Amino acid sequence: MPKPNDIIGPYKLINRLGKGSFGEVWLAQPENEKALPVAVKLPNDPDLDFDALLQETAVWARAGQHPNVVEFIAARVFDHQAVIVSEYVPDGSLEQWLKRNGGRAPSIESAIEMARGILDGLEHLHSKNIIHRDIKPANILMHGTTPRLADFGHSRVLASTMHSSIVAGTPAYMAPEAFDAVRDKQTDLWSVGVLLYQLLSGRLPFPQRDAASLMKAILMTDPLPLPAELPAWLRQAVEAAMAKETAGRFQSAAQMRAALVRLAAQPIRETRKVEEPAKRSDVQPEPIVQPPKRPELEVEPPTLERGKVMIDVSPLIGMPGGRVKPVGLRPAVKWGVGLAAIVLAVVTYVATKTDTPVSPNSFESSGNTQPPANSGGEFTENLNGVNLVMKRLPGGEFLMGSPDGESGRDGDEGPQHRVTVPSFYIGKTEVTQAQWRKVAELPKVFMDLSHDPSHFKGDDLPVELVSYWEAREFCTRLSRLVGRTYRLPSEAEWEYACRAGTTGAYAGNLDAMTWYFGTAGAKTHPVGQKQPNRFGLYDMYGNVWEWCEDVWHDSYGGQHGDPPADGNAWLTGGEQQYRVLRGGTWGSIDRGLRSAARLRNGLGSRSIFVGVRVALSASTLHVPNSGK
């Protein structure tokens, strides 16, 4: 555990400022004694992805200087310890400020002024194409009475280890679409609306305490009314910031700030004052050695190399001047990455080699080693008493991605490109919990599988809380059971199957086809109950996200070349630590359900929003009279 006077790289720890699940924050003095003290965050997660952390802290570095944004200094690794260094802001967090003021702002004017400062900082970040993602009182630091945004960029990495879900953030401050991993400028504005609500009322708009009830309330119900004594215009402004649909919210931080400035010019009949409460030891931060304070809003000239993002190791013995030699990842991480690459290569070979079916080996075969009978281009696998129905799709050509003018389009969905997809089989439904259990009880190949991982329980419900690696293991065990090579669909195959010959944003009526925000009631539903698409596939939209085989690329082209035009998975380049999710979920709003909508997720991440649908190359299985 760190302690005062410890030396980490060029920083001498002075006093601990705070502690959380991520680790600790310390006041530290750089080795240059003339430099002002800094805040040093020390993450303690043993599974922390150093590469991802350094990549994301580069987002913070890109923000530059602004009076309402905490200045980033460096992200480094010293002797296996990740260190995130930022400007020290001396007056605690907004969370502590609220506690000192009885849980709310001392007056309506001060609440509005606080919101305006936060919006100023957000406008600056958004102008740099930076989305904060986790606005809450603990991530807003106070310089006198001036709020300053902190902990953006890397906050999602500290919340996204091997054991987390795709939903990163603080639920009480998250917009409805954020539970579906949709993040944009208006997602941040929802969080500011929640903060303003809290500043004005002293409570949160959704009081539910357990995660499931809170998420359901945010998705499906209205917030508690603000106190009636507040001006109607102010209550309406907060309601606009927290509209369920993004079209009903303020469209930018500048628009929301301008509305507050304009409306605040109206008379405020009631100005609430709150007495400064007596100081209590249980809400005060630990005593610290106070450094000299910066003048209000003054930006200190650089005393260190600003925006430095690199990996270091401890100074090597015998190097003159104790210089630090950049050598890349520590050996243990290098070996881990290398081993993961080898395992991935082996699994990919086993799951994608289509010329020779996988031998049953030590598995008890279900007897389905011969081509099964079919009806209408589909066949049924017998998984030791539970059926899995596979649908054969005809080969064809389509335009993958979304056009520039499509409403709700994200930048990672283009450019549109033509893909020719050979005939293949895909699950008629998402994998159910009953199907999962039958395969999970078979001997492992590469890793263990939870027998019943899902949060929502039911034999016919889609399995969820499944990582990419576990989805791959499921496919491998299934292949050995039936003697055919099952795999995850490629992203091109998935979109081709979803579109089913359509070219618009949606392949049909969402309410008729989909369990989503408007129909699901904040839970999954049994597969195959809604209307199928034109290929006869169920739940291609909604219920749960579905893993694809492809490595994540933030566009279909660019520095990593062009995606395959033959329907195969795109496995080269890109962000190898992520794979693609498709299809949206039970909590998705309509724009997250478009045929081209896509999402990335970490290889080991699990979520109540994520499940799996399996695929099978037609070249490994001939079914007579099954279509083109």
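Guide: Gladly! Let us begin with a term: buried means under 20% relative accessible area, exposed means over 50%, and partly exposed is in between, with a 1.4 Å probe and protein chains only. Helices (H or I, at least four residues) and strands (E, at least two) are DSSP runs, numbered from the N terminus. This is a predicted model, where local features need pLDDT of at least 70 and side-chain atom pairs count only at pLDDT 80 or more, while totals for chains, interfaces and linings use all residues. Residues are numbered from 1 along each chain as its sequence is written, and side-chain values use heavy atoms, with hydrogens and water left out.

Visitor: Why is asparagine 384 called partly exposed?

Guide: Its relative accessibility is 28%, which lies between the 20% and 50% limits, so asparagine 384 counts as partly exposed. Asparagine 384 also has a positive phi, near 50 degrees, and sits in the loop between strand 10 and strand 11 (386-393).

Visitor: How do you know that the length of helix 11 agrees with its number of residues?

Guide: The expected span is 1.5 Å times one less than the number of residues. For the 15 residues of helix 11 (residues 468-482) that gives 21 Å, and the end C-alpha atoms are 21 Å apart, so the two agree. Helix 11 is also largely enclosed by the rest of the structure, because 15 of its 15 residues are buried. Just after this helix, glycine 483 takes a positive phi of about 80 degrees.

Visitor: Why is the pair of tryptophan 436 and phenylalanine 474 called stacked?

Guide: Rings of Phe, Tyr and Trp (its six-membered ring) pair if their centres lie within 6.5 Å; planes under 30 degrees apart count as stacked, over 60 as edge-to-face and the rest as tilted. The structure holds 10 aromatic pairs. Phenylalanine 474 is buried at 1% relative accessibility, and tryptophan 436 is buried with a relative accessible area of 1%. Their ring centres are 5.0 Å apart and their planes are at 0 degrees, so the pair is stacked. The pair links distant parts of the chain, with tryptophan 436 in helix 10 (residues 433-440) and phenylalanine 474 in helix 11, 38 residues apart.

Visitor: What makes the pair of phenylalanine 379 and tyrosine 425 edge-to-face?

Guide: Returning to the 10 aromatic pairs of the structure, this one has 75 degrees between the planes, over the 60 required, and 5.3 Å centre to centre. Phenylalanine 379 is in strand 10 (residues 378-383) and tyrosine 425 in strand 14 (residues 424-427), so the pair ties together parts 46 residues apart in sequence. Phenylalanine 379 is buried at 1% relative accessible area, and tyrosine 425 is buried at 0%.

Visitor: How do you know that the charged end of lysine 530 sits over the ring of tryptophan 515?

Guide: A charge sits over a ring if NZ of Lys or CZ of Arg is within 6 Å of the ring centre and within 35 degrees of the ring normal. The charged end of lysine 530 is 4.4 Å from the centre of the tryptophan 515 ring and sits over that ring. Arginine 598 likewise has its charged end over the ring of tryptophan 552, 4.2 Å from the centre.

Visitor: Which peptide bond is cis?

Guide: The bond from glycine 414 to proline 415 is cis, with omega near 0 degrees. Most peptide bonds are trans. Proline 415 lies in the loop between strand 12 (396-400) and strand 13 (417-421).
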